[in-house]
Amino acid sequence: MTRAGPTALAGRRAFVTGGGRGIGAAIVLELLSQGAEVVFADIALDKATAAVTASAAIGIALDVSDVDAVAASVSSHGPFDILVNNAGRDQHAFFVDTKPTEWAELLAVNLGSVLACTHAVLPAMQAAKFGRIINIASEAGRIGSRGGSVYSAAKGGVIAFTKSIAREAARYGVTANVVTPGPIRTPLLEAAVLAGGDRLLRAMQDSTLLRRLGEPEEVAGLVAFLASDSAGYITAETIGVSGGMGC
Ligand code: NAD
């Protein structure tokens, strides 16, 4: 068994969604640093961070909620041993103030994309008798979120979907797990703080036992571990990287 280090993921090919910035960018860089070959998809590839753009990862411009485009991209860039469904988008509004068109968009980005990418990648994993699927949900998917009801519904769906895939794919040597971040310092969170001000930032920090925001690298380390051979007996789990939020 290969332990974590520069060769822990050598020979593995990974597909990371939303890899241009934030948590996804940290995941791309961590998987690369452990020896994986990485392809990442981002709807805003032109805004990818300098570190990701300068890295050895292959970036593709793709809306991962577009089922046909995902299938076409995976068939030209795959097969993959590791799938990290990370792309997502939040919304801050009380449910009574939201519109059905917004629900459809949030569900498509946060849940539909996970279905689309898993559907495209899983057959080759099953044929190879090896696969690691790691889905980035949110503590909001476990405990709910005031002002984030549709997002929470989608993330809760990701958790239930992952457990189902873990059941269906176990016999083929494929594991599927969920990582649920708490408040992590990324552009997505910064946008929320801009809208909610310092009070919201303090409330986010105080919602954790550790009384601080997490860093994208703290999520990426767990994702790389779950992708490794060392995590071969871990499946259908939902693991928080949230400073103890919702414990
Ligand atoms: P972010 O907005 O900083 O980065 C998300 C990336 O995904 C961006 O590069 C964006 O362009 C890309 N993306 C968005 N929609 C896409 C689409 N349809 N197709 C392809 N790419 C798309 O966000 P983040 O904070 O890094 O969040 C990453 C994941 O972690 C999301 O699923 C989010 O819900 C989850 N999460 C984040 C936090 C947090 O506090 N930051 C907390 C809980 C869960």
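These legends describe close-up views of a predicted model.

**View 1. Helix α1, residues 22-33.**
Helix α1 has 12 residues. At 1.5 Å a residue, a helix of this length should span 16 Å. The C-alpha atoms at its ends are 17 Å apart, which agrees. Much of the view is about burial: G22, I23, G24, A25, A26, I27, V28 and L31 are buried in α1. Just after the helix comes G35, with a positive phi of about 100°.

**View 2. The largest nonpolar core.**
This core holds 29 residues. Among its members, I27, L31 and V179 touch the most others. Several elements give two or more residues to the core: β1 (13-17), α1, β2 (37-42), β4, β5 (131-136) and α8 (216-227). Helix α8 gives the most, with seven residues. In soluble globular proteins, nonpolar side chains tend to be buried together.

**View 3. The surroundings of V179.**
V179 belongs to the largest nonpolar core.

**View 4. A second core.**
A separate core of 22 residues is also present. Its members include F15, V70, I133 and I165.

**View 5. A nonpolar patch on the surface.**
F95, W103 and L107 form this patch. Together they have about 260 Å² of accessible area. F95 lies in the loop between β4 (82-85) and α4 (100-128). Is F95 buried or partly exposed? Its relative accessibility is 43%, so F95 counts as partly exposed.

**View 6. The salt bridge between E37 and R13.**
The whole structure has seven salt bridges. In this one, the side chains of E37 and R13 meet, with an N to O distance of 3.1 Å. The pair links distant parts of the chain. E37 is in strand β2 and R13 is in strand β1, 24 residues apart. E37 is partly exposed because its relative accessible area is 42%. R13 is buried, with a relative accessible area of 19%. The cut-off for buried is under 20%. Side chains of opposite charge can pair when their charged atoms come close.

**View 7. The salt bridge between E139 and R142.**
E139 forms a salt bridge with R142. Their closest N and O atoms are 3.1 Å apart. Where does each partner stand on burial? E139 has a relative accessible area of 2%, so E139 is buried. R142 has 41% relative accessibility and counts as partly exposed.

**View 8. The salt bridge between E218 and R212.**
Here the side chains of E218 and R212 meet at 2.8 Å, N to O. E218 is partly exposed, with a relative accessible area of 35%. R212 counts as partly exposed at 38% relative accessibility.

**View 9. S75 in helix α3.**
S75 lies in helix α3 (residues 67-77). Its relative accessibility is 62%, so S75 counts as exposed. V121 is 46 residues away from S75 along the chain. The C-alpha atoms of S75 and V121 are separated by 8.6 Å.

**View 10. The peptide bond from G78 to P79.**
What is the form of the peptide bond from G78 to P79? This bond is cis, with omega near 0°. P79 sits in the loop between α3 and β4.

**View 11. Positive phi at K129.**
K129 is not a glycine, yet its phi is positive, at about 60°. The residue is in the loop between α4 and β5. K129 counts as exposed because its relative accessibility is 53%.

**View 12. Positive phi at A236.**
A236 is another residue other than glycine with a positive phi, near 65°. A236 is in the loop between α8 and β7 (238-241). With a relative accessible area of 27%, A236 is partly exposed.

Technical notes:
Residues are numbered from 1 along each chain as its sequence is written. This is a predicted model: local features need pLDDT of at least 70, side-chain atom pairs count only at pLDDT 80 or more; totals for chains, interfaces and linings use all residues. Side-chain values use heavy atoms; hydrogens and water are left out. Patches are made of residues with over 30% relative accessible area and no salt bridge: like charges are joined within 9 Å, nonpolar side chains (Val, Leu, Ile, Met, Phe, Trp, Tyr) within 5 Å. Accessible areas come from the Shrake-Rupley method with a 1.4 Å probe; for residues, only the protein chains shown count as cover. A salt bridge is a side-chain nitrogen of Lys or Arg within 4 Å of a carboxyl oxygen of Asp or Glu. Helices (H or I, at least four residues) and strands (E, at least two) are DSSP runs, numbered from the N terminus. Buried means under 20% relative accessible area, exposed over 50%, partly exposed in between (1.4 Å probe, protein chains only). The expected span of a helix is 1.5 Å times one less than its number of residues. A nonpolar core is a set of buried Ala, Val, Leu, Ile, Met, Phe, Trp, Tyr and Cys residues joined through side-chain atoms within 4.5 Å.
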